[in-house]
Amino acid sequence: MVPAVAETVVVVDDDEAVREAIADVLALDGYSVLTARDGDEALRVLESAPRPCIALVDLVMPRVDGWELVRTLTAAPSMRDIPVVCTIVGRDDLPTGIFSVLRKPFDDRALSEAVRSAFVRTSQPAAPTLR
C-alpha cells in the first residue's frame, strides 16, 4: 500500500546491511527514507526530517544507543510527537514512550505493518505492542 502523503521513515541502525535492507523495503512501500548509524546522527536527521515522520530505532548501538535516543526524543518538545518503533533482539524490557516493537528477525510484512500502524495512529498515544 503506497502512502497518499510523502511520509518519512528515519531508520536508525548501526548495522549497514540491516539499515539498507530496511530502507529498501520501506522505499518499495512508497515511503521517503532517511538513515542514521546511531542515536547522535539520528537526532540531527530527525530535527530536519519532514513531517509526518516516524523513527525505526535499533535499541543496541554504539555511542548514543536507542535507549538514550528514545529518552531524548520524548523529552524534546519539537520531537516528542515522532512515533518510535524499536527493533530488538531477545529483550523484554522496553523504553517508555515508544509506539511499538519489532523483534528481530522480522519479515518485510511485519516491518510494513508496524510502519503503517505508526502513521495511522500518529496522533493517538498507544502502549507498546510486540510483533
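This is a predicted model: local features need pLDDT of at least 70, side-chain atom pairs count only at pLDDT 80 or more; totals for chains, interfaces and linings use all residues.
Student: Hi! Where is helix 1, and how many residues does it have?

Tutor: Helix 1 covers residues 16-28, which makes 13 residues. From its first C-alpha to its last it reaches 18 Å, close to the 18 Å expected at 1.5 Å a residue.

Student: Which residues of helix 1 are buried?

Tutor: They are Arg19, Ile22, Ala23, Val25 and Leu26. Looking down the axis of helix 1, you find these buried residues within an arc of 165°, so they line one face of the helix.

Student: What do the buried residues pack against?

Tutor: The buried residues of helix 1 pack against strand 1 (8-12), strand 2 (32-36), strand 3 (53-58) and helix 4 (108-120).

Student: And which exposed residues sit on the face turned away from the buried side?

Tutor: That face of helix 1 carries Glu16, Ala17 and Leu28.

Student: What caps the N-terminal end of helix 1?

Tutor: Asp15 does, with a side-chain oxygen 3.0 Å from the backbone nitrogen of Ala17. Just after helix 1, Gly30 takes a positive phi of about 100°.

Student: Switching topic: how many salt bridges are there?

Tutor: The count comes to eight salt bridges. One of them joins Arg63 and Asp38, whose closest N and O atoms are 2.6 Å apart.

Student: Where in the chain do Arg63 and Asp38 lie?

Tutor: Arg63 is in the loop between strand 3 and helix 3 (66-75), while Asp38 is in the loop between strand 2 and helix 2 (39-48). The two are 25 residues apart, and the pair links distant parts of the chain.

Student: Is Asp38 buried or exposed?

Tutor: Asp38 has a relative accessible area of 7%, so it counts as buried. Arg63, on the other hand, counts as exposed because its relative accessibility is 65%.

Student: What about Asp40, which residue does it meet in a salt bridge?

Tutor: Asp40 meets Arg63, at 3.4 Å from N to O. This pair also links distant parts of the chain, with Asp40 in helix 2 and Arg63 in the loop between strand 3 and helix 3, 23 residues apart. Asp40 is partly exposed, at a relative accessible area of 29%.

Student: Last one: which residue forms a salt bridge with Glu113?

Tutor: Arg116 does, and the closest N and O atoms are 3.4 Å apart. Glu113 and Arg116 both lie in helix 4, three residues apart, about one turn of the helix. Glu113 is partly exposed at 34% relative accessible area, and Arg116 is partly exposed at 26%. Elsewhere, salt bridges that share partners join Asp38, Asp40, Arg44 and Arg63 into one network.

Technical notes: Residues are numbered from 1 along each chain as its sequence is written. Side-chain values use heavy atoms; hydrogens and water are left out. Helices (H or I, at least four residues) and strands (E, at least two) are DSSP runs, numbered from the N terminus. The expected span of a helix is 1.5 Å times one less than its number of residues. Buried means under 20% relative accessible area, exposed over 50%, partly exposed in between (1.4 Å probe, protein chains only). The arc is that of the directions from the helix axis to the C-beta atoms. Contact means heavy atoms within 4.5 Å. A polar contact is a pair of N or O atoms within 3.5 Å; within protein, one must be able to donate a hydrogen and the other to accept it, and residues adjacent in sequence count only if both atoms are side-chain atoms. A salt bridge is a side-chain nitrogen of Lys or Arg within 4 Å of a carboxyl oxygen of Asp or Glu.
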